[in-house]
Amino acid sequence: MTPYSTLATLILLALAAVHVYWLFGGRAGLTAALPSRPGTSGGPLFTPGPGATALVAVALLSGAALVPLAATFNWARWATLAAGVAFGLRVVGDFRYLGLFKRVRGTTFARWDDRLYIPLCVTLSGLLLLAARLA
């Protein structure tokens, strides 16, 4: 396993652990993790239920399990490449609430997006693309 794969796997495991924490009722960091409406009414755009939170946790865990397999199985390399592209698309965002080109700024989520989520997604995208390329 390359250092890129190892680091990508550890980050994906850490992100999965955060989602499992939220799944079991943890609240810390949740407000900053959800895009919100601008203005005084604010409030999150959506409130993910347990099913959605579990789905994200499983997807992140699956990615963490998949990356080390990229060196052995061609399908895992393609899946790792796809994950790298997906995180790259997250960096670009939806042109409204998240990503580099978001228009809604000044919310708690937007600040965290600029400071943590976008750099993290750039890092993960690069690591996953390198892991797929060097597998």
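**Entry 1: Gly 84**

I began with Gly 84, which has its place in helix H4, and I kept in mind throughout that I was reading a predicted model. Is Gly 84 buried or exposed? Its relative accessibility is 0%, and because buried means under 20%, Gly 84 counts as buried. Leaving aside residues up to four places away in sequence, I found that Gly 84 touches Ser 125, Leu 128 and Leu 129. I also looked up the pair Gly 84 and Val 122, which are 38 residues apart in sequence and 9.1 Å apart in space, taken C-alpha to C-alpha.

**Entry 2: H4 against H5**

I then turned to the packing of helix H4 (residues 74-92) on helix H5 (residues 108-134), where the angle is about 155° and the axes are 8 Å apart. Angles over 145 degrees count as roughly antiparallel, and H4 and H5 are therefore roughly antiparallel to each other. The crossing in which H4 passes H5 is left-handed.

Which residues make the contact? On the H4 side I listed Arg 77, Thr 80, Leu 81, Ala 83, Gly 84, Val 85, Phe 87, Gly 88, Arg 90 and Val 91. From H5 the contributors include Tyr 117, Ile 118, Cys 121, Val 122, Ser 125, Leu 128 and Leu 129. By class, the residues of this contact of H4 with H5 divide into 15 nonpolar, four polar and three charged.

**Entry 3: the loop between H4 and H5**

In the loop between H4 and H5 I stopped at Phe 95, whose phi is near 70°, a positive value in a residue other than glycine. At 45% relative accessibility, Phe 95 counts as partly exposed.

**Entry 4: H3 and its buried residues**

Next I checked the length of helix H3 (residues 50-66), which has 17 residues. At 1.5 Å a residue H3 should span 24 Å, and the end C-alpha atoms are 24 Å apart, so the two values agree. I noted the buried residues of H3 as Thr 53, Ala 57, Leu 60, Gly 63, Ala 64 and Leu 66. What do the buried residues of H3 pack against? Their partners are helix H1 (3-23) and H4.

**Entry 5: H1 against H3**

I followed the H1 side of that packing and found an angle of about 160° between H1 and H3, with their axes 8 Å apart. That makes H1 roughly antiparallel to H3, and the crossing of H1 and H3 is left-handed. The residues that H1 brings to the contact are Thr 9, Leu 12, Leu 13, Leu 15, Ala 16, His 19, Val 20, Trp 22 and Leu 23, while those from H3 include Pro 50, Thr 53, Ala 57, Leu 60, Gly 63 and Ala 64. The class count for the contact of H1 with H3 came to 14 nonpolar, four polar and no charged residues.

Pro 68 sits in the loop between H3 and H4 and is partly exposed, with a relative accessible area of 28%. Not counting residues up to four places away in sequence, Pro 68 touches Met 1 and Thr 9. I also recorded that the C-alpha atoms of Pro 68 and Ala 131 are separated by 8.6 Å, although the two residues are 63 residues apart along the chain.

Thr 47 lies in the loop between helix H2 (30-33) and H3. I found Thr 47 exposed, with a relative accessible area of 64%. The C-alpha atoms of Thr 47 and Thr 31 are separated by 9.9 Å, at 16 residues apart along the chain.

Note on methods:
Residues are numbered from 1 along each chain as its sequence is written. This is a predicted model: local features need pLDDT of at least 70, side-chain atom pairs count only at pLDDT 80 or more; totals for chains, interfaces and linings use all residues. Side-chain values use heavy atoms; hydrogens and water are left out. Axes are lines fitted to C-alpha atoms, for helices over the stretch in contact, and angles run from 0 to 180 degrees between N-to-C directions. Helices (H or I, at least four residues) and strands (E, at least two) are DSSP runs, numbered from the N terminus. Angles under 35 degrees count as roughly parallel, over 145 as roughly antiparallel, 65 to 115 as roughly perpendicular and the rest as oblique. A crossing is left-handed if the near helix is turned anticlockwise from the far one by less than a right angle, and right-handed if clockwise. Contact means heavy atoms within 4.5 Å. Ala, Val, Leu, Ile, Met, Phe, Trp, Tyr, Cys and Pro count as nonpolar, Asp, Glu, Lys and Arg as charged, and the others, Gly among them, as polar. The expected span of a helix is 1.5 Å times one less than its number of residues. Buried means under 20% relative accessible area, exposed over 50%, partly exposed in between (1.4 Å probe, protein chains only).
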